[in-house]
Amino acid sequence: MKKRIAAICLAMAAAMGVSAAAEGDEMVLFTWQGMFPQEVLDGFTEETGIKIIYSNFDTDETMLEKLSQAKGGDYDLVIADDYIIDQAVQEGLVSEIDKSIVSNFGNINPLYQGQFYDPEDKYTVPYGAGIPLIVYDPELVDFEIKGYNDLWNPELEDSVALTANYRVINGITLLSMGKSMNEQDPEIIAQAGEKLLELAPNVRLIQDDNTQNALLNGEASAAFLYTSQVTAVLAENPDLKVVYPEEGLGFGIMGAFVPSQAPNAEAANKFLNYILEPEVAKQCMEYIGYYNTIGAADDIVDPSLVVPDSVKKGEIIQNISAEADEAMNKNWTEFKAACGAE
């Protein structure tokens, strides 16, 4: 009924020569490419008359740089990773959620609340949780991969595909050493860098987008993939094997926030409330293939997107000291050079 009324109102406005997206009736959404099914974006416009301008970035760091340059303006709603949100909050680039508008806030699964980047749940709405995992082709790998350390096996020479997040790759190397993904000691991080260099001969490619295609086309026999890529590759080839690494899991939570100087914060909060509706959350989570963060949708979403008890605990990448971050960046630069990557 709401959609029908909204459509009638838009039609009347058009007939009267009034723009359907009048001044203030636009919302600039800033996130990665392909984060929402088009029907969800269109549905929001039909219900509210607010047109969504979709702007995308390639990395979290790019997002933060642009948001900083805009002094918290230009964008109405941002969806990014947990650790970068913490930086944005610290820099004063994030405003508090207007819970008088976001009445569906209680639909969020408490598991994904109270995190280090938003301990009092003032600033963010979680939008999917990810657990990067190893996936391999048992037809091409002659041994069972059980954890991160197996990626160093010489049998995988020139056949491992990796995602391109420097903190994550440093993190899994540290986990393989029995250390924390958020290690602060530069000496231990340097040791991780030495071990990472030993992985270079096995690396076929390093890229963030569509990394799973390397498994599908046979270019790689094993890959370390984001959750959405794991979902995508298994849909194409269910015979591939997924590994929950024995050394421990690394969790990630994507969060939506309204920038401090958002031109249309009201529209952004309305959109947050909209995506917290169970049916809409189901559409979103099944589209991006991430673990569902909206508890009210657990009963209707694909069961494979509801985190099982066995993997509820994990370590989330957090901000580290400048010295530790510099050491990880050094590891990453030297590792990419050793792999012949840009």
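Reply: Let's begin with α5, which is mostly covered: eleven of its eleven residues are buried. Buried means under 20% relative accessible area, with exposed over 50% and partly exposed in between, using a 1.4 Å probe and protein chains only. This is a predicted model, where local features need pLDDT of at least 70 and side-chain atom pairs count only at pLDDT 80 or more, while totals for chains, interfaces and linings use all residues. Residues are numbered from 1 along each chain as its sequence is written, and side-chain values use heavy atoms, with hydrogens and water left out.

Me: What covers the buried residues of α5?

Reply: The cover includes α3, β7 (160–162), α6 (186–199), β9, β12 and α11. Helices (H or I, at least four residues) and strands (E, at least two) are DSSP runs, numbered from the N terminus. Among the buried residues of α5 are Arg 167, Asn 170 and Thr 173.

Me: Switching to sheets. What is the strand order in the open sheet of five strands?

Reply: The order is β8-β7-β9-β6-β10, with mixed pairing. β8 (203–206) and β10 (241–243) are the edge strands, each pairing on one side only. Two strands pair if DSSP finds at least two bridges between them. On average, neighbouring strands of this sheet are turned by 20° against each other, direction ignored.

Me: Which helix packs on that sheet?

Reply: Helix α8 (residues 227–236), which touches β6, β9 and β10. Contact here means heavy atoms within 4.5 Å. The direction of α8 makes about 135° with that of β9; axes are lines fitted to C-alpha atoms, for helices over the stretch in contact, and angles run from 0 to 180 degrees between N-to-C directions.

Me: And β6, how many bridges does that strand have with β9?

Reply: Four, in the antiparallel sense, between β6 (residues 133–136) and β9 (residues 222–225). Ile 134 stands opposite Phe 224 in β9, and Tyr 136 has Ala 222 as its bridge partner there. β6 also runs antiparallel to β10, joined by three bridges, with Val 135 opposite Val 242.

Me: Which way do the β6 side chains go, and are they buried or exposed?

Reply: Leu 133 and Val 135 point one way, Ile 134 and Tyr 136 the other, and all are buried.

Me: What about β5, why call it enclosed?

Reply: Because six of its six residues are buried, β5 is largely enclosed by the rest of the structure. β5 pairs with β11 in the antiparallel sense over four bridges, and Gly 130 stands opposite Gly 252 in β11.

Me: Which residues lie nearest the centre of the largest pocket?

Reply: Trp 32, Asp 208, Asp 209, Tyr 226 and Tyr 290, out of 49 lining residues. By class the lining has 25 nonpolar, 16 polar and eight charged residues. Ala, Val, Leu, Ile, Met, Phe, Trp, Tyr, Cys and Pro count as nonpolar, Asp, Glu, Lys and Arg as charged, and the others, Gly among them, as polar.

Me: And the second largest pocket, which element gives the largest share of its lining?

Reply: α8, with four residues. The second largest pocket has a volume of about 270 Å³, and of its 16 lining residues the closest to the centre are Val 230, Thr 231, Leu 234, Ser 304 and Leu 305.

Me: Where is Asn 292, in terms of helices and strands?

Reply: Asn 292 sits in the loop between α10 and β12 (315–316). Asn 292 counts as buried because its relative accessibility is 2%. Beyond its neighbours within four places in sequence, Asn 292 is in contact with residues including Tyr 112, Met 285 and Leu 305.

Technical notes
On a 1 Å grid over the protein atoms alone, a cavity is a set of points where a 1.4 Å probe fits but cannot get out, and a pocket is an open set with protein on both sides within 12 Å along at least five of seven lines; lining residues have an atom within 4 Å of a point. Grid points are joined across faces, edges and corners, and a volume is the space filled by probe spheres set on the points.
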